[in-house]
Amino acid sequence: MEIQEDQIDGVLVLGIKGRLDSNTSKAFEDKVNDFLSKSVSRVIIDFHGVDYINSTGLRVLLYALQQMQKSGHSLVLCSIKDYMREVFDISGYSEIFTIEDDRDGALRVLA
Amino acid sequence: MQPSETLRYRVSGDQNAVGVVLDSIDEVMRRRGLPPKTAYQVRLVLDEILTNIIEYGFVDIPFADVDLSLRFDGTELRVRVMDRAKPFDPTACRHAVTSGKALDRPIGGLGLFLVRNFVDELHYRREADSNVLTFRKTLIES
């Protein structure tokens, strides 16, 4: 699993490639704690390269959202593959996360 | 229609072993032409079940390999997971929180909820010193 960081229009964009599962969740959580500790106020997590997520990965996402909300900061997800959208829907994540179809859409939300 | 096949695995007690087994099953599903959504759901269900056993089942008892058998048969997948971990019934689980504000939701609890959602039947029984979990999932084979 790899995480690419980009700064676009003052927004931190994390492009994840690979799986978000029990083997990779620690690295993912470390990256989350990294941007939380720096008080980054606008973050996009881009799932374009993510081919798999399990409950461990979902747990880290919820943790990230909770911490961002506590600080009044914004987190947007984008580019989740069709076959994984159902997991976000049934977990009730579609209700609490802003999920955009692509990076441009996510950047527009945060502009 | 692909011929039926049965796969058997023994899973040893670490997350890497689980990953290796899941990768092998992914390859079988790819060969059988299962669509990405079905393959994802099968991997997810097995991942959640096996991870749960390994993380919680052997906390204070010696680890014993988990036996996994899968049968791909026409439009169905039948799976049996046997382990000698502590008694644990995944069908009798606490409610996952899937609604309400983000800050009101507990972290965790989704794994077995996802399992129940992506299988068509799930059965548990305790046999002597083993947990036996079986499930059936309807597949759509191309």
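B:Lys86 is partly exposed, at a relative accessible area of 33% (buried means under 20%, exposed over 50%, partly exposed in between, with a 1.4 Å probe and protein chains only). This is a predicted model, in which local features need pLDDT of at least 70 and side-chain atom pairs count only at pLDDT 80 or more, while totals for chains, interfaces and linings use all residues. Residues are numbered from 1 along each chain as its sequence is written, chains are lettered from A and ligands numbered from 1 in the order in which they are written, and side-chain values use heavy atoms, with hydrogens and water left out.

B:Lys86 forms a salt bridge with B:Asp60, their closest N and O atoms lying 4.0 Å apart (a salt bridge is a side-chain nitrogen of Lys or Arg within 4 Å of a carboxyl oxygen of Asp or Glu).

Over all chains, the structure holds 21 salt bridges. Another of these joins B:Lys37 to A:Glu86, with the closest N and O atoms 3.4 Å apart. Here B:Lys37 is partly exposed at 37%, and A:Glu86 is likewise partly exposed at 27%.

A further salt bridge brings together the side chains of B:Asp26 and B:Arg43 (2.4 Å, N to O). B:Arg43 is buried, with a relative accessible area of 4%, whereas B:Asp26 is partly exposed at 22%. Both residues also belong to a network of salt bridges that links A:Arg19, B:Asp23, B:Asp26 and B:Arg43.
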